[in-house]
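Here is a short report on the structure shown below. Keep the sequence open beside the text.

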Amino acid sequence: MTTTVPTKTAALALGDDALVLSHRLGEWMGHAPVLEEEVALANIALDLLGQARVLLSMAGDEDDLAYLREERAFRNVQLVEQPNGDFAHTIVRQLYFSTYQHLLYDRLAATDGPFAGLAAKAVKEVAYHRDHAEQWTLRLGDGTEDSHERTRVAVDALWRFTGEMFQPVDGVDVDWAELETAWLEQVSQVLRRATLTVPEGPRSGAWSAGAGRQGLHTEPFGRMLAEMQHLHRSHPGASW
Amino acid sequence: MTNTDWPLWEVFVRSRRGLSHTHAGSLHAPDAEFALRNARDLYTRRGEGVSIWVVPAAAITASSPDEKDPFFEPAADKPYRHPTFYDIPEGVKHL
């Protein structure tokens with residue numbers, strides 16, 4: 001099988017999304033609010049890492065791609081590189097991203113493109129991630145005054161990173177406008193059920209994020225990469 | 001900080017080829033929905049085709065160890081109470 005250039009570009013974008021979010025979730029280990037939640041976050045991180053491995057392998061050598069690329073060569077959306085913050089912040093980031101990933105993989109699984117196989121397998125995992133995020137959004141938003149306020153802050157703060165997910169990715173054959181409409185509708189529904197307000201701020205254009213796919217990232221990402229890549233760069237070429 | 005008290009739940013799992021739900025362990029969860037999800041992560045590794053029951057530990061009434069003798073004794077010394085004198089035909093399963 002020959003892997004065409006658009007397929008590689010797309011595999012890199014989707015693979016970087018999964019890799020970076022997986023790493024962020026890994027940072028929760030030992031710090032989650034309760035043991036059961038720690039297991040859940042670790043499970044989600046492991047699922048995402050598995051997806052990242054398949055996708056990055058489609059684009060080249062998975063280890064080289066993960067550990068030897070500079071920040072400017074990563075193609076993930078800026079949403080997934082955002083720091084964990086408090087638990088509400090992490091959950092809202094999960095809600096925004098897993099809803100997107102679920103809709104995207106669901107559609108990709110129905111195509112006969114190069115991602116159909118991976119998407120068909122991963123869509124079940126992602127459906128669980130989404131369910132987990134929705135359940136927690138409902139409980140936090142409609143929980144105590146404090147949990148509602150923290151979730152509201154997270155919903156607003158991350159909103160400007162959500163438009164970027166619907167920039168068409170070369171090599172991913174889906175209807176992006178339709179995907180965005182579905183995402184907005186479903187996320188709004190969850191937020192309203194959680195007694196939260198759907199933000200009115202911009203999701204794309206000026207005053208919003210949106211250049212992760214072009215290799216421009218937010219400031220915390222560089223530090224995340226430094227930690228992630230440290231050992232590999234200290235001992236290049238070693239086998240583990 | 002006010003901390004919500006997460007009650008204890010008992011978890012029963014029926015494996016894909018299993019015939020009955022077996023007690024697998026316990027966990028803490030804020031409600032039944034999360035107890036199910038946590039049980040899936042902790043006890044089934046998300047294997048397909050399994051069934052999970054979660055029960056609040058408070059809903060389970062257990063026999064008391066102190067009453068063990070009066071509770072179980074009468075049955076043990078009366079062999080005619082046990083259906084052990086029948087020949088079981090070959091081919092009878094699940095007995």
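## A polar contact in chain B

The side chains of Arg40(B) and Asp41(B) make a polar contact at 3.1 Å. A polar contact is a pair of N or O atoms within 3.5 Å; within protein, one must be able to donate a hydrogen and the other to accept it, and residues adjacent in sequence count only if both atoms are side-chain atoms. Arg40(B) sits in helix α1 of chain B, residues 32–44. Helices (H or I, at least four residues) and strands (E, at least two) are DSSP runs, numbered from the N terminus. Arg40(B) counts as buried, at 17% relative accessibility. Buried means under 20% relative accessible area, exposed over 50%, and partly exposed in between, with a 1.4 Å probe and protein chains only.

This is a predicted model, in which local features need pLDDT of at least 70, side-chain atom pairs count only at pLDDT 80 or more, and totals for chains, interfaces and linings use all residues. Residues are numbered from 1 along each chain as its sequence is written, chains are lettered from A and ligands numbered from 1 in the order in which they are written, and side-chain values use heavy atoms, with hydrogens and water left out.

## Chain A overall

Chain A has nine helices and zero strands. Its 240 residues would give a compact globule a radius of gyration near 18 Å; the value for chain A is 17 Å, which agrees. That radius is taken over C-alpha atoms, and the globule rule is 2.2 Å times the number of residues to the power 0.38. The C-alpha atoms fill a box of roughly 50 × 40 × 35 Å along the principal axes. Of the 240 residues, 54% count as buried.

Contact means heavy atoms within 4.5 Å. Among contacts in chain A with a separation of 6 or more, 81% join residues 24 or more positions apart.

Helix α5(A) has 23 residues and reaches 31 Å from its first C-alpha to its last, close to the 33 Å expected. The expected span is 1.5 Å times one less than the number of residues. In α5(A), 20 of the 23 residues are buried, so this helix is largely enclosed by the rest of the structure.

Helix α7(A) covers residues 145–159; its 15 residues should span 21 Å, and its end C-alpha atoms are 21 Å apart, which agrees. Which residues of α7(A) are buried? They are Ser147(A), Thr151(A), Ala154(A), Val155(A), Leu158(A) and Trp159(A). They cover an arc of only 125° around the axis, so they lie on the same side of α7(A). The arc is that of the directions from the helix axis to the C-beta atoms. The buried residues pack against α4, α5, α6 and α8 of chain A.

## Single residues of chain A

| Residue | Relative accessible area | Class |
|---|---|---|
| Glu38(A) | 18% | buried |
| Asp112(A) | 77% | exposed |
| Thr195(A) | 41% | partly exposed |

Glu38(A) is in helix α2, residues 35–59. Leaving aside neighbours within four places in sequence, Glu38(A) contacts Trp28(A), Met29(A), Gly30(A), His31(A) and Ala32(A).

Asp112(A) lies in the loop between α5 and α6. Asp112(A) and Arg150(A) are 38 residues apart in sequence and 42 Å apart in space, C-alpha to C-alpha.

Thr195(A) belongs to the loop between α8 and α9. Thr195(A) has a positive phi of about 60°, although it is not a glycine. Most residues other than glycine have a negative phi.
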